[in-house]
Amino acid sequence: MTKDTSTTKCLIPQAWPESYTKSGQTRIISVIKNKKRYLPLLLIGDEQENMIDKYLERGEMLVMEDANGATLSTAVVTNEGNGILELKNLAVEPRFQRKGYGRKMIACLRERYKDNFHTLIAGTGDSNQTVSFYKNCGFEYSHTIKNFFVDNYDHPIIEDGKTLKDMIYFKLRLSCKT
Ligand SMILES: CC(C)(COP(=O)(O)OP(=O)(O)OC[C@H]1O[C@@H](n2cnc3c(N)ncnc32)[C@H](O)[C@@H]1OP(=O)(O)O)[C@@H](O)C(=O)NCCC(=O)NCCS
């Protein structure tokens, strides 16, 4: 039987700092094939599968695992051109939330992409959880897309008891290149 190496290849392997690959606590891998096996986690970051399908294949998918191989977090980023990288999906397994793994994934994205992109953007609903998270990670407000959730999702998206309407974009500087 051929060994499945799809989760062991990295698009830019040398880009990883030692602490992420050899800390003995977590490692981050770039998933090339069969990304949909992480669908349950992807659906935590974006709850409509046909919306995930719009970016999953063209994006780079990163998965964070602990030392026992348990999945902690996923992120999908896309190249939006002109030095802009977009975080399309970010999710931390519910039982591992609020332990710093989301922040660690952002730090890792920053390190991995800083030489090729100047800005990381992330769109989110107007919910306390995600807005506080992005602000805590150093993002600042960028712009709003009115009615994004109403126009693009086939059911109401509810977070923190609130029905989401507009998409709020945050931005984080990755490097001083323009
Ligand atoms: C949002 C999410 C990615 C954050 O990841 P996490 O590992 O749980 O968050 P961290 O532990 O790294 O938190 C970092 C900071 O963000 C803020 N934060 C995180 N979760 C929060 C919450 N539920 N309420 C308020 N602030 C929160 C806090 O300031 C926190 O720092 P602190 O714990 O020192 O107070 C994760 O909770 C998640 O997967 N949520 C569901 C999916 C989702 O909403 N994805 C984002 C889509 S845009």
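Helix α4 has 13 residues, which at 1.5 Å a residue should span 18 Å; its end C-alpha atoms are 18 Å apart, so the two values agree. The expected span is 1.5 Å times one less than the number of residues. Helices (H or I, at least four residues) and strands (E, at least two) are DSSP runs, numbered from the N terminus. The model is predicted: local features need pLDDT of at least 70, side-chain atom pairs count only at pLDDT 80 or more, and totals for chains, interfaces and linings use all residues. Residues are numbered from 1 along each chain as its sequence is written.

Several residues of α4 are buried, including Gly102, Lys104, Met105, Ile106 and Cys108. Leu109, Arg112 and Tyr113 of α4 are buried too. A buried residue has 20 or more other C-beta atoms within 10 Å of its own, with C-beta atoms placed from the backbone.

An open sheet is formed by 7 strands in the order β1-β2-β3-β4-β5-β9-β6, with mixed pairing. Strands pair if DSSP finds at least two bridges between them. β1 and β6 (140-145) are the edge strands, each pairing on one side only. From one strand to the next, the twist averages 30°. Helix α4 packs on this sheet and touches β1, β2, β3, β4 and β5 (119-124). The direction of α4 makes about 40° with that of β3. Contact requires C-beta atoms, placed from the backbone, within 7 Å. Axes are lines fitted to C-alpha atoms, for helices over the stretch in contact, and angles run from 0 to 180 degrees between N-to-C directions.

Strand β2 (residues 60-66) is largely enclosed by the rest of the structure, because 5 of its 7 residues are buried. β2 pairs with β1 (residues 26-31) in the antiparallel sense over 6 bridges. Arginine 27 has glutamate 65 of β2 as its bridge partner. β2 also runs antiparallel to β3 (residues 71-79), joined by 6 bridges. Here glutamate 65 stands opposite threonine 71, and glutamate 60 stands opposite valine 77. β2 and β3 form a hairpin with 4 residues between them. In its turn, glycine 69 has a positive phi of about 85°.

The ligand is surrounded by 19 residues, the closest being Gln97, Gly102, Arg103, Ser132 and Asn136. Two or more shell residues come from each of α2 (39-45), β4 (84-92), α4 (101-113) and α5 (128-136). A residue counts as near if its C-beta atom, placed from the backbone, lies within 6 Å. α5 gives the most, with 6 residues. The shell divides into 6 nonpolar, 10 polar and 3 charged residues. Ala, Val, Leu, Ile, Met, Phe, Trp, Tyr, Cys and Pro count as nonpolar, Asp, Glu, Lys and Arg as charged, and the others, Gly among them, as polar.

Definitions and conventions:
A residue is buried if 20 or more other C-beta atoms lie within 10 Å of its own, exposed if 12 or fewer, and partly exposed in between; C-beta atoms are placed from the backbone. Two residues are in contact if their C-beta atoms, placed from the backbone, lie within 7 Å.
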